[in-house]
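I opened this notebook to record what I looked up in one structure. The entries follow the order in which I worked.

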Amino acid sequence: MEKTMPKNFLWGSASAAYQIEGAYNEDGKGLSNWDEFVKIPGKTYKETTGELAVDHYHRFKEDVALMAEMGLKTYRFSIAWSRIFPNGKGEVNQASLRFYEELIDECLKNNVEPMVTLYHWDLPQALENEYGGWESPQVIDDFVNYATYLFHAFKGKVNYWITVNEQNIFTNFGWMNGMHPPGKHNEEKLYYQVNHHVFLAHAKTVIAFKEIIPDGKIGASFAYSPSYAVDCQPVNAMAKVDYDNLKNYWWMDVYAYGRYPRNGYAYLDKKGVAPTVSQEDTSVLKKAASLIDFMGVNYYQTSVVEYNPIDGVTQSGEMNTTGKKGSGQITGEPGVYKNPPNPHLETTDWDWTIDPSGLRYACKEITSRYDLPIVISENGLGAFDEKTSENEIHDDYRIAYLNAHVYELMQAVEEGCEVWAYCTWSFTDLLSWLNGYQKRYGFVYVDRDEEGGSLDRYKKDSYYWYQEVIRTNGATITK
Ligand code: BG6
């Protein structure tokens with residue numbers, strides 16, 4: 001018998017406001033931290049910005065029509081906080097609220113289940129200016145206020161909500177390697193404190209959500225790169241445990257258990273950088289942990305862990321943002337771990353390891369450690385695509401990538417994992433934050449590059465492939 005996914009499985013695709021919407025200063029939107037950050041020379045590939053992005057703000061009906069034609073079951077997108085509250089709080093901007101209302105209605109009309117991310121990295125600049133954004137605990141109430149406003153506004157229409165996207169990435173890039181706003185380097189203590197504020201914002205939001213939409217589903221999306229010890233030397237096995245406590249469980253344990261991993265906390269405490277956690281914080285975190293419905297997972301790659309001597313590599317190392325293979329550098333925590341490449345696996349042009357079975361591994365780890373349902377909120381391949389003179393895009397490499405990952409996901413389900421959704425990254429091509437427009441992820445090609453373009457949409461081969469996967473509920477997936 002052919003394998004399929006469980007009935008009502010949500011075959012989906014995802015995006016984020018800053019990466020697709022454009023219209024950065026229209027209809028009363030306030031500026032976000034990203035609107036400001038991209039203006040700093042050298043921060044993004046060829047100084048690209050999301051000011052126009054792929055103009056989804058004006059073309060959302062065309063984009064949703066393409067989703068409907070494909071048969072997409074769920075569309076995950078984010079709401080820009082600075083559109084709803086141009087100042088981060090205070091008066092609501094009704095014009096922007098209407099935009100999201102129309103987008104949601106358009107999805108519902110087309111039987112596409114909306115899945116909303118509250119925070120996909122774009123913070124109202126007004127809050128950054130007023131109190132340093134996530135650095136101040138003041139942000140917690142402002143976030144909860146923003147979130148609860150949306151819960152009331154879209155109650156009855158939106159059932160699936162994601163509080164924060166990849167907290168581990170935006171905080172690391174914002175306060176450790178300076179590549180995202182606010183562009184700070186090695187502010188380790190602040191980095192953990194900022195994370196603590198994000199955890200509390202997430203937790204208080206989850207608690208509020210359950211009061212407003214008790215039947216709805218909520219969780220956070222974590223960028224999970226499961227780790228493999230480089231070999232069976234005990235020193236490397238220990239490095240793997242330490243790595244997981246600091247880089248994976250540090251987030252997932254808080255979402256699922258409401259507490260930090262004890263060993264990781266002890267290490268950071270000794271280093272003098274652990275966050276301050278009050279009794280009250282702990283009870284809030286624990287209450288939220290008992291209420292979350294799923295673990296959201298953005299899966300792109302696995303990592304290898306090896307012991308890193310005290311004079312070894314540090315957290316700062318060049319990242320490949322150009323698509324020139326091999327230009328990324330090894331990073332790590334001196335005296336604890338480092339992440340060398342995996343010689344058994346291929347990589348993308350941006351040096352991201354391609355490891356389909358890592359997705360199954362991730363699901364099994366989450367299932368055994370947390371016993372939670374799983375939403376794969378992102379998975380996809382960033383690649384150079386070419387449009388032929390016949391306006392076709394033959395992205396067989398993307399089909400192979402996605403097929404292999406879905407195959408492993410189906411295996412995970414067969415092995416007992418409860419998986420509710422699989423969202424590819426992304427539906428249309430979009431701005432890849434630091435990597436410009438040349439790193440493409442979509443099923444739908446958007447005619448634009450770093451300089452501009454017509455913004456016309458073209459279906460790639462992968463579009464038709466996914467359409468069949470959805471139609472057959474996975475039966476067309478091959479080994
Ligand atoms: C995730 C983000 O980190 O991965 C997305 O949630 C992002 O917003 C995606 O675009 C791919 O990363 P990148 O750097 O290739 O755009």
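**Entry 1: the annotated residue.** Before reading the record I noted that UniProt positions are given in the numbering used here, that feature names are shortened, and that annotations may be inferred rather than shown by experiment. I also noted that the model is predicted. I then looked up the record: UniProt, in an unreviewed entry, places the feature "active site" at Glu378.

I located Glu378 in strand β11, which covers residues 374-378. Is Glu378 buried or exposed? I found a relative accessibility of 4%. Because the limit for buried is under 20%, Glu378 counts as buried.

I next listed the neighbours of Glu378, leaving out residues up to four places away in sequence. Glu378 touches Arg76, His120, Asn165 and Glu166, and also Val297, Asn298, Tyr299, Tyr300, Cys423 and Trp425. With Arg76 I found a polar contact, side chain to side chain, at 3.0 Å.

**Entry 2: cis peptide bonds.** I came back to Trp425, a residue that Glu378 touches. A cis peptide bond joins Trp425 to Ser426, with omega at about 15°. I placed Ser426 in the loop between β12 (419-425) and β13 (444-446).

I recorded another cis peptide bond between Pro181 and Pro182, where omega is about 10°. Pro182 belongs to the loop that runs between α8 (167-175) and α9.

**Entry 3: the second largest pocket.** For the second largest pocket I noted a volume of about 300 Å³. Which residues lie nearest its centre? I found Gly42, Met179, Glu318, Met319 and Thr321 there, within a lining of 16 residues. By class, the lining of this pocket holds nine polar, four nonpolar and three charged residues.

**Entry 4: the cavities.** How many cavities of 30 Å³ or more are there? I recorded six. The largest cavity has about 100 Å³ of space.

I counted 13 residues in the lining of the largest cavity, and Glu188, Tyr192, Lys247, Gln315 and Glu333 lie nearest its centre. Three helices each supply at least two residues of this lining: α9 (188-212), α10 (234-257) and α11 (262-271). I sorted the lining of the largest cavity into seven nonpolar, four charged and two polar residues.

**Entry 5: Tyr265.** I then turned to Tyr265, which lies in helix α11. Tyr265 has a relative accessible area of 23% and is therefore partly exposed.

I compared the positions of Tyr265 and Trp250: they are 15 residues apart in sequence, and their C-alpha atoms are 8.5 Å apart in space. Trp250 is among the residues in contact with Tyr265.

**Entry 6: positive phi angles.** Asp27 has a phi of about 55°, and I placed Asp27 in the loop between α1 (17-20) and α2 (33-37). With a relative accessible area of 41%, Asp27 is partly exposed.

Ala53 also has a positive phi, of about 45°. I found Ala53 in the loop between α2 and α3 (56-70). Is Ala53 buried or exposed? Ala53 counts as buried, because its relative accessibility is 0%.

Note on methods
Residues are numbered from 1 along each chain as its sequence is written. This is a predicted model: local features need pLDDT of at least 70, side-chain atom pairs count only at pLDDT 80 or more; totals for chains, interfaces and linings use all residues. Side-chain values use heavy atoms; hydrogens and water are left out. On a 1 Å grid over the protein atoms alone, a cavity is a set of points where a 1.4 Å probe fits but cannot get out, and a pocket is an open set with protein on both sides within 12 Å along at least five of seven lines; lining residues have an atom within 4 Å of a point. Grid points are joined across faces, edges and corners, and a volume is the space filled by probe spheres set on the points. Ala, Val, Leu, Ile, Met, Phe, Trp, Tyr, Cys and Pro count as nonpolar, Asp, Glu, Lys and Arg as charged, and the others, Gly among them, as polar. Helices (H or I, at least four residues) and strands (E, at least two) are DSSP runs, numbered from the N terminus. Buried means under 20% relative accessible area, exposed over 50%, partly exposed in between (1.4 Å probe, protein chains only). Contact means heavy atoms within 4.5 Å. A polar contact is a pair of N or O atoms within 3.5 Å; within protein, one must be able to donate a hydrogen and the other to accept it, and residues adjacent in sequence count only if both atoms are side-chain atoms.
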